[in-house]
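Welcome! Here is a short briefing to read alongside the structure.

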Amino acid sequence: MKNNILVIGAGYAGILTAKKLAKKFKKNNDVTITIIDKNPFHTMLTELHEVAANRVDEDSIKISLKKVFAGRKVNVVMDTVKSIDFNKQNVIGDNNQYSYDYIVIAAGSKPTFFGVPGAEEFTHKLWSYDDAVKLKHHIHNAFRMAATETNIEKKKRLLSFYVVGAGFTGVEMAGELAEYVPLLCEKYEIDREYVEIVNVDVLQRAVPILPEKLSAKVEKRLQKMGVKLMLNTGVCGVGADFIEVKKDNACVRYTAGTVIWTAGIEGSDITNEAAKSLESVNRGRIKTDSYLRSLDNDHVYVVGDNMFYIPEGEERPVPQMVENCEHSAATCANNIYCAITGKGEMEVYKPSFHGVMVCVGGRYGVARVGLPNHMFNLPSFFAMFAKHFINIIYFIQVLGWNKIFSYVRHEFFTIRNCRSFVGGHFSNRTPSFLLVALRVWLGAVWLFEGIMKITEGWLSSPKLTGFFGGADSWYNSILKVANDTGSS
Ligand SMILES: Cc1cc2nc3c(=O)[nH]c(=O)nc-3n(C[C@H](O)[C@H](O)[C@H](O)COP(=O)(O)OP(=O)(O)OC[C@H]3O[C@@H](n4cnc5c(N)ncnc54)[C@H](O)[C@@H]3O)c2cc1C
């Protein structure tokens, strides 16, 4: 019997689900797999702040879907899904309609504004490739305009940046911006004193998902980089050139040239739409059973950010993070395979998460990692190392070794202004390119040779007497030739 599997969204969860399904149905020509996304590429959302603050090139966070699925039995379709008819098993997109037997909802999230007036209209978002590129140009433009602005008030307005939200997205954005600002100040000859970066959140501490000690480290680092923290402070309004925050039950207005909104997320438009027909919770997360099927429909699977599921023995729903996408993709692919073929056993979703990592700029990070009951904190160097290592593992799953070379090139070999946890040591943009390896090699050879010479007894008796056949005999041979020529 023919079966059509449709995956909506080629984010972390959708891509991995489609890849795993393709592997399982490799030899089954009765099954077709189609993945639909509004973009022809997959976006590494976790790296958006790096693009927004010009640490890495725009292209480094895009992965072509055609390349991801090259040579695999997956049809890649570029379309924006507008609605899903779960009764007729039909999906309606901007360009076409698609029927399915099994559907996987993996359409991710979008920012939510909690009804704050002006927030949606006047803030910059950070939840897509376009958002990041737009923000990057905006930041650059603000400095360019400020450079020629003679009115100090206007100059300060252009250079005031508010990041709303001190969760990991907000903190990463504020840290990255703080790292970028001195470079822009130098370029446009602007006094750093004129620039203001503020991180606002209603919560009491930064990145509350971390233990208090690590939150304190993050806060300290941000402050050291010149970011002002306004915690315990709600935002009550945003306008074209201001932000209003709540203080002592009143709204106080501050001048703000740029407000970046990273305060919260809800399901993407299509997920919110689907959530109207399927049992779901607030902000468009669709409830699933332990096999990741919608509670209302056996032919609808939900993965990644879109799912709402509390694993057995846990009190909280699975987090909206990449690791949940990876685990849910594997369970979903296995269960669809069982449902279609009747082979194997349906798998209960029992994810085991390995921690959280937060970067504050390209050179500093904190991490709490390990196994569920054995978590430990990592020092900054190892936290940054772990973050890059995890990205590399993800790339191996998605695109194989090719993408790794490209990632390493962008993050280390072509990094600008030493903005990496190994500084500019491996960057061809710094004069010391490749010198580290050379210096280490030279040092090792010197050390080795020195030790060898001591063991050979160089400290007790001269050893150069035989050099070039011995310096004396060499000198004598020259004298002899001179004498012979003179006497003849
Ligand atoms: C700046 C930033 C930093 C982050 N840092 C971390 C981190 O350090 N660690 C971590 O674990 N998580 C992090 N996250 C969260 C992580 O990115 C998400 O949990 C993850 O992206 C969710 O994956 P997903 O596949 O569910 O959805 P997404 O990755 O959002 O993918 C959804 C896909 O669906 C497509 N789509 C949406 N609607 C439609 C439609 N109507 N039609 C067709 N296609 C559609 C989109 O184009 C997109 O490709 C971060 C997020 C951001 C924005």
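**Around the ligand**

The ligand is surrounded by 37 residues, and the closest are Gly-9, Gly-11, Gly-108, Gly-304 and Met-321; a residue is near a molecule if its C-beta atom, placed from the backbone, lies within 6 Å of it. This is a predicted model, in which local features need pLDDT of at least 70 and side-chain atom pairs count only at pLDDT 80 or more, while totals for chains, interfaces and linings use all residues. Residues are numbered from 1 along each chain as its sequence is written.

**The shell**

- The shell around the ligand divides into 17 nonpolar, 14 polar and six charged residues (Ala, Val, Leu, Ile, Met, Phe, Trp, Tyr, Cys and Pro count as nonpolar, Asp, Glu, Lys and Arg as charged, and the others, Gly among them, as polar).
- Elements that each supply at least two shell residues include helix H1 (12–24), strand S2 (31–37) and helix H10 (322–341); helices (H or I, at least four residues) and strands (E, at least two) are DSSP runs, numbered from the N terminus.

**Domains**

- The domain assignment, automatic or from a database, gives domain 1 (3–43 + 52–109 + 266–352), domain 2 (119–263) and domain 3 (435–487).
- Domain 1 and domain 2 each give the shell around the ligand at least three residues.
- The C-alpha centres of domain 1 and domain 3 are 71 Å apart.

**Helix H10**

- H10 has 20 residues and reaches 29 Å from its first C-alpha to its last, close to the expected 28 Å (1.5 Å times one less than its number of residues).
- After H10 comes Gly-342, with a positive phi near 75°.
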